[in-house]
Amino acid sequence: MRPLVGTPTLIRLALRLDRVRLIAWVTGVVAIGYGTASAFRDLYPTVESRRALASTLARTPALIALTGPGFNLSSIGGLTAWRIGGFGAVMVALFGIFTVTHHTRLQEESGRLELVGSGRVGRFAPLTAALGLAFGVSLLIGLAFGAALTVLDEPAAGSFALGLGFTSAGWTFAAIAAVTAQLSQSARAANGLAGAVLGAAFLFRAVGDSAGTGGLSFMSWLSPIGWAQQVRPFAGERWEVFALPVVLAVACVGLSFRLQQRRDLGEGLLSSRPGPPVAARSLSTALSLAWRIHRGALAGWVVGLACLGAVLGSLAEGVGSLVGDNPQLREIFERLGGKENLIAAYFASTMGVVGM
């Protein structure tokens with residue numbers, strides 16, 4: 001039997017099962033971009049107000065580490081690319097990771113893939129279908145995002161460069177997830193490995209961007225998230241940068257197929273460590289078992305939120321200069337946290353976002 005037999009059928013099945021989730025991902029990312037650009041139009045309507053903001057941002061390394069560099073903050077499109085370029089790439093990267101893991105390792109772990117494989121389905125068909133779905137929807141997100149910005153009369157080249165930057169991140173991390181799905185024996189571990197790579201990519205980008213032109217600035221070029229921003233939408237687009245994520249994605253896809261040939265169904269190349277034959281007394285209750293299972297995820301959330309809190313706290317003293325003389329932005333902060341203390345209003349608004 002040919003190894004790709006049944007791939008189109010599996011793609012149609014995945015689209016049928018995930019139709020609501022896929023629509024939510026596409027509309028969510030596009031709505032965030034459209035809303036951000038619209039908000040910047042209201043908050044910074046003139047070139048002078050945007051230039052004043054740009055001069056403040058250039059003096060705030062913590063904010064640059066959080067969002068990335070701004071290459072053209074005198075335009076609405078450039079502000080939008082600065083504000084959500086990195087976070088949008090992370091969102092689409094997470095979509096790629098979850099989609100590939102869900103339709104490969106999770107199906108294999110639950111036994112459904114073995115049932116599907118009993119029919120006329122090639123060995124590589126499930127992995128190919130998962131990658132095809134992740135790649136196709138990531139491309140749809142990028143194109144829809146670019147089209148949404150052009151509706152706001154933003155330049156088409158910059159709009160689609162920003163959207164395709166999101167697509168490149170989705171492709172790259174979908175391919176990385178295809179590799180981790182071959183290494184681990186569970187969907188949780190596969191997501192964890194791919195998520196760790198994504199976290200490292202964001203960290204490299206943050207360190208490289210906050211270093212400016214210093215010695216560590218090269219780290220931005222070690223990150224697929226940094227590549228999406230180095231395309232420089234609305235600032236003289238550098239289309240050749242897209243070659244980097246494409247090459248990495250192709251290499252990871254090829255590696256995932258080779259790794260799949262080297263393992264049995266249901267197994268991973270990284271074998272799990274066997275536990276003791278008798279459980280400890282500390283696992284005698286449901287609460288202790290839940291703690292044992294989820295302690296890694298809980299630790300990750302605690303560390304991640306602590307780092308986010310440190311970044312948000314470092315920005316607090318500069319919030320006054322960020323708001324500047326813009327009455328609309330000042331009014332928004334005051335409504336969220338009160339008129340007496342602008343810093344308290346800033347924390348009130350940011351903690352609401354963190355809570356969600």
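Residues are numbered from 1 along each chain as its sequence is written, and side-chain values use heavy atoms, with hydrogens and water left out. As the model is predicted, local features need pLDDT of at least 70 and side-chain atom pairs count only at pLDDT 80 or more, while totals for chains, interfaces and linings use all residues.

**View 1. Helix α5 (residues 76–110) packs against helix α9 (residues 187–210).** Two packed helices are described by the angle between their axes and the distance between the axes. Here the axes come within 9 Å and cross at roughly 160°. (Axes are lines fitted to C-alpha atoms, for helices over the stretch in contact, and angles run from 0 to 180 degrees between N-to-C directions. Helices are DSSP runs of H or I with at least four residues, strands are runs of E with at least two, and both are numbered from the N terminus.) So α5 and α9 are roughly antiparallel to each other. On the α5 side, look for residues including Phe 87, Val 90, Leu 94, Ile 97 and Phe 98, and on the α9 side for Ala 190, Ala 194, Leu 198 and Phe 202, among others. (Contact means heavy atoms within 4.5 Å.) Sorted by class, this contact has twelve nonpolar, three polar and two charged residues. (Ala, Val, Leu, Ile, Met, Phe, Trp, Tyr, Cys and Pro count as nonpolar, Asp, Glu, Lys and Arg as charged, and the others, Gly among them, as polar.)

**View 2. Helix α8 (residues 156–183) meets α9 too.** Their axes sit 8 Å apart, at an angle of about 140°, so α8 and α9 are oblique to each other. Once again you get a right-handed crossing as α8 passes α9. From α8 come Phe 173, Ile 176, Ala 177, Thr 180 and Ala 181, which meet Ala 190, Leu 193, Ala 194, Val 197, Leu 198 and Ala 201 in α9. The tally for this contact is ten nonpolar, one polar and no charged residues.

**View 3. α5 packs against α8.** The two axes are 7 Å apart and the angle is about 30°, so α5 is roughly parallel to α8. The crossing is right-handed. In this contact there are 15 nonpolar residues, eight polar ones and one charged.

**View 4. Here is the largest cavity, with a volume of about 90 Å³.** (On a 1 Å grid over the protein atoms alone, a cavity is a set of points where a 1.4 Å probe fits but cannot get out; a pocket is an open set with protein on both sides within 12 Å along at least five of seven lines; lining residues have an atom within 4 Å of a point. Grid points are joined across faces, edges and corners, and a volume is the space filled by probe spheres set on the points.) The count comes to two cavities of 30 Å³ or more. Among the lining residues of the largest are Pro 69, Phe 71, Trp 82, Leu 162, Gln 229 and Pro 233. α5 gives the largest share, four residues, and α5 and α10 (224–230) each supply at least two. The lining has seven nonpolar, five polar and no charged residues.

**View 5. The second largest cavity has a volume of about 60 Å³.** Its lining includes Thr 104, Arg 105, Glu 108, Pro 126, Gln 182 and Arg 263. α5, α7 (125–151) and α8 give two or more residues each, and the largest share, three residues, comes from α5. By class, the lining has four nonpolar, three polar and three charged residues.

Terms used:
Parallel < 35°, antiparallel > 145°, perpendicular 65-115°, else oblique. Left-handed = near helix turned anticlockwise from the far one by under 90°.
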